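This report looks at helix packing, the nonpolar core and a few residues of interest. Please keep the sequence and the 3D structure in view while reading.

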Amino acid sequence: MDRFDTDDRKEAMLAALEFSLGNVKQACDKMKVARQTHYNWLKDDPEYKAAVDQIQESVIDFAESHLYKLIKEGNPAANIFYLKTKGKSRGYIER
């Protein structure tokens, strides 16, 4: 397999990771890429790793936006979760 094939497969894998919200198994299954291949790319290709890291950050941003929406809607569980994770310095901790 030449470099261009590998680069195309990496690009396709990144697209699949984005579509699956970072779920490695789902992306690998869709692209027919072995999980170990994905992890080898992460280890050996800094650009690929940076792109995967950016996808993971985007997924966190996506999840946070939905959490904030639930908080605004008055969802008690979302409020409690947020305060337990972000409000520790104000005493919102479990004892």
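## Contacts of Val33

Two residues are said to be in contact when heavy atoms of theirs lie within 4.5 Å. The structure discussed here is a predicted model, and in this model Val33 touches Arg9, Met13, Cys28, His38 and Trp41, leaving aside residues up to four places away in sequence. Val33 also belongs to the largest nonpolar core, as do Met13, Cys28 and Trp41 from its list of contacts.

## The nonpolar core

In soluble globular proteins, nonpolar side chains tend to be buried together. Here the largest nonpolar core has 12 residues, namely Met13, Leu14, Ala16, Leu17, Val24, Ala27, Cys28, Val33, Trp41, Tyr48, Val52 and Ile55. At least two residues of this core come from each of H1, H2 and helix H4 (46–72), and H1 gives the most, with 4 residues.

## Packing of H2 against H3

Two packed helices are described by the angle between their axes and the distance between the axes. For helix H2 (residues 24–31) and helix H3 (residues 35–44) the angle is about 110° and the axes are 9 Å apart; since angles of 65 to 115 degrees count as roughly perpendicular, H2 and H3 are therefore roughly perpendicular to each other.

The crossing in which H2 passes H3 is right-handed. On the side of H2 the contact is made by Val24, Lys25 and Cys28, and on the side of H3 by Arg35, His38 and Tyr39, a set that divides into 3 nonpolar, 1 polar and 2 charged residues. Val24 and Cys28, which take part in this contact, are also among the residues of the largest nonpolar core.

Lys10 is found in helix H1 (residues 3–19). Is Lys10 buried or exposed? With a relative accessible area of 12%, which is under the 20% limit, Lys10 is buried. Not counting residues up to four places away in sequence, Lys10 touches Trp41, Asp45 and Tyr48, and of these Trp41 and Tyr48 are listed in the largest nonpolar core.

## Positive phi in two loops

Most residues other than glycine have a negative phi. Leu21, although not a glycine, has a positive phi of about 55°; Leu21 is placed in the loop between H1 and H2 and, at 46% relative accessibility, counts as partly exposed.

Lys32, in the loop between H2 and H3, likewise has a positive phi, near 55°, in a residue other than glycine. With a relative accessible area of 72%, Lys32 is exposed.

Conventions. Residues are numbered from 1 along each chain as its sequence is written. This is a predicted model: local features need pLDDT of at least 70, side-chain atom pairs count only at pLDDT 80 or more; totals for chains, interfaces and linings use all residues. Side-chain values use heavy atoms; hydrogens and water are left out. Axes are lines fitted to C-alpha atoms, for helices over the stretch in contact, and angles run from 0 to 180 degrees between N-to-C directions. Angles under 35 degrees count as roughly parallel, over 145 as roughly antiparallel, 65 to 115 as roughly perpendicular and the rest as oblique. A crossing is left-handed if the near helix is turned anticlockwise from the far one by less than a right angle, and right-handed if clockwise. Ala, Val, Leu, Ile, Met, Phe, Trp, Tyr, Cys and Pro count as nonpolar, Asp, Glu, Lys and Arg as charged, and the others, Gly among them, as polar. Buried means under 20% relative accessible area, exposed over 50%, partly exposed in between (1.4 Å probe, protein chains only). A nonpolar core is a set of buried Ala, Val, Leu, Ile, Met, Phe, Trp, Tyr and Cys residues joined through side-chain atoms within 4.5 Å.
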